[in-house]
Amino acid sequence: MTKKEHKKVLEVLMLEDASLSRNGNVSYIVTVDAGAISYFPVDLHWKDDGAKRLLQLILLHTAWEVGSGQLHYSVSEESQHGTFVGRIAQDLGLEVSELVLRMFRMVSKGQEEYFQVNVQNGVLFVNSRIDREELCAENMDCAIHLEVIVDKPLRVFHVEVEIKDINDNAPVFSVHEQILAIAESRVAGSRFLLVGASDADIDSNALITYKLSPNDYFILDSGIEETRTKSPVLVLKAPLDREKDPLHRLLLTATDGGKPQLSGTVQLVINVVDANDNPPVFNQSVYRVKLLENSASGTLVITLNATDSDAGINKEISYSFSDHIPPNFRKIFSINSNTGDLIVSGNVDFEDINVFDLQIVAEDKGNPPLSGHCQLIIEVLDVNDNAPDVSVSSLSVPVPEDSPPGTVVALISVADRDSGANGKINCSLWPPKFPFKLTSNFKNYYSLVLSEPLDREQVAEYGLIVKVQDQGDPALSASSSLVVPISDVNDNTPTFAQPSYTIFLKENNPPGAHIFTVSASDPDVAENALVSYWLDEKLWPLSSYISVHSESGKLYALQPLDYEELKLLEFQVRAKDAGLPSLCGNVTIQVFVLDENDNAPAVSGPAEDTPTLVKFPVAAGHVVGKIHALDADSGYNAWLCYELYDATSSPWRVGLYSGEISTIRTLEETEGSYSQSLLVLVKDHGKPVMSTTATFSVSLVASAQAAQTDAHLSRIGGRTKPLADTANLYLIISICSVSSLFLLVILVYVALRCQSQDKEAMMYGPGTATLVCASEVGSWSYSNRHSHILAGVSGDSGTKSDLMVFSPNVPVLAESGRELVPNAAGQVSCMEPL
């Protein structure tokens, strides 16, 4: 139907009644099928204000009914395949062009697919044959509930299609022939209950009227409208005469109220007999009782009582069910034929049948027997015997951890077969601390949505339980479990265990030596946690010195390092994950180059062929010269000592650390003039020891000969002695300073160790490992933080006196209380404290 065809959906006809008072009032009834149309204009015409106000109220009520609730359609049963039901897309406010893109789908829960939707035009049509009697039995309201689901965004619509009854079932009698025995003594007006016909249809289609074939003795009485039963009553119109007509054959016809009308017939065979002429009579024609469902077998429902005015055997009564009682009713109830007690013998279930309509017959034992009947209506009361049912659909997992609050995760539907408070359901989510909540969409339909932001690194998967509980007494409950995994996004930067690392590396390392390994961790997963490493060369180029493996994080020294040229390398290693976008972290690396004894002492000074002239007499201890030597190394490796190569019978000696050559004893002129070359061995304190030799020539001359060279000796002596005194002074000060610092470090270390016994969990830091050096003349701590080189060089000779002065450094303790020291490759390792 197009909008043009809607032009006059409602039309008001003005009615007039000439009567007065209440006889002149006119009632108006307007019927609108909201499932058939979604748009209707209204043309209003009225003659007076009273009609105008009445019409406004009618239209307001109609618009309210159309605009509230779920979408409603109606269709007749037995409709052919393809029968038009409604334009569901238009009525739901959906664009037909978006049905496929939004994954339009329709679900008929627990039933066959009686309907389908053409996604090309949005029309709902009949898909398969619908039999209302098979689908809904005798229920007055018969409807099929559909769920329409669309995505982007996810929405659920509820559609109800009412199945209208058509007259497709004729009245049917349970037997083909009914035989009655009627005593001839029965007076006119006697009533006899017949087995009625049944019709599977409803409303007017199931409204049965009975017609009896023409005869002189019997008529039918169907009763008034309020008390009419399903069974007709045969009424005796005139007294019977067995001798004249002992047998009567009549045709009973049952016709329903449908269009066209359908009918059924049964043959009545009436035998006229003598004897018992008073039937049993119940004290009530209709009994009404209430019974709880699930009543135990043997429960007494009611005791029926009928009386018979006859005497003797004709007064004895037996009770039974009428012949037209359905067989399943006989399985649920039984009656004591002698006492009239009706008891429960089967399962009484409110959800199956909530009202039982029974016809009870009381028959005496006369010959022939006479009977009376009554109607027993049993109303079943509901008890809370059905637990709620919960189901989860449209579960959208995994859920990205960056999903915003309000994201729909799943759709949940609940149901309870009970009625009233027993069928009302409360739905909750457990545990409540999880970042999810339930929101109600429609009656008994909920959405599981996010209530808080997610973090996969905190919780990677949630186990939820949806609990439902009805409001019955006692309450019944059910639950359904679901697992919601969380998918990862790249929201974590690779991090190193420390902000910086210190490496001690001995010089002269082999090219390509592995010196350290850095490792960064990323709590993400998959490619978001795949970390690669590279050197940050923005400040200065390092590619000729250091390289890092992009996958393992191993650091390699590309060339041998020389302590004398490079003492410290400081750079940054960056770690980047493979996520999109990628995230980076960095760590600072300090590489301290440790000195090795790779340089031999070098002698400097006068040439070997220039002798030193000394005149007699020479006192013991007289300094005649000094050997000047330098070592390019530092520390112990540059600490030199001197000794004569062969000093067994020589009158000369050399200072162990000063290199000064002096006499052991007094030399007199009587020993005569001579020249002597002294071979001096110069060694450092490194391991292994490296050495060199120097030759010192001395010429002893008499006073007369020395006169010519006094000036030369005076210049040498005047320059040498102050130089030697200055060097000795520096050396003494240096040794004292080192000893004092070493003693101070020992005292501080002991004090801190004593204090750490009370606080074992304390960790000193931040700090770096300390290398402890020792030799035969003492020891000191070589700190990688501060080093000062004091070098004393005297004038022309270039004398070098090395002294390494270090700041006190507290050893760094790991959490286990062990001291960290570098190993041979420069990596930090642990050592048990002394």
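Leu358 touches Phe321, Ile325, Phe329, Phe333, Leu342, Cys374, Gln375, Leu376 and Ile378, leaving out residues up to four places away in sequence; contact here means heavy atoms within 4.5 Å. This is a predicted model, where local features need pLDDT of at least 70, side-chain atom pairs count only at pLDDT 80 or more, and totals for chains, interfaces and linings use all residues. Numbering starts from 1 along each chain as its sequence is written, and side-chain values use heavy atoms, with hydrogens and water left out.

Now for the bigger picture around that residue. Leu358, Phe333, Leu342 and Ile378 have the most contacts inside the largest nonpolar core, which has 28 residues. Such a core is a set of buried Ala, Val, Leu, Ile, Met, Phe, Trp, Tyr and Cys residues joined through side-chain atoms within 4.5 Å, with buried meaning under 20% relative accessible area, exposed over 50% and partly exposed in between (1.4 Å probe, protein chains only). Among the elements that each supply at least two residues of this core are helix H4 (327–332) and strand S24 (355–364); helices (H or I, at least four residues) and strands (E, at least two) are DSSP runs, numbered from the N terminus. A second, separate core of 27 residues includes Ile88, Ile130, Cys136 and Phe157.

Over to Thr495, in strand S34 (residues 495–496). At 42% relative accessibility, Thr495 counts as partly exposed. Setting aside neighbours within four places in sequence, Thr495 is in contact with Ser519, Ala520 and Ser521. Thr495 and Ala575 sit 80 residues apart in sequence, yet 7.9 Å apart in space, C-alpha to C-alpha.
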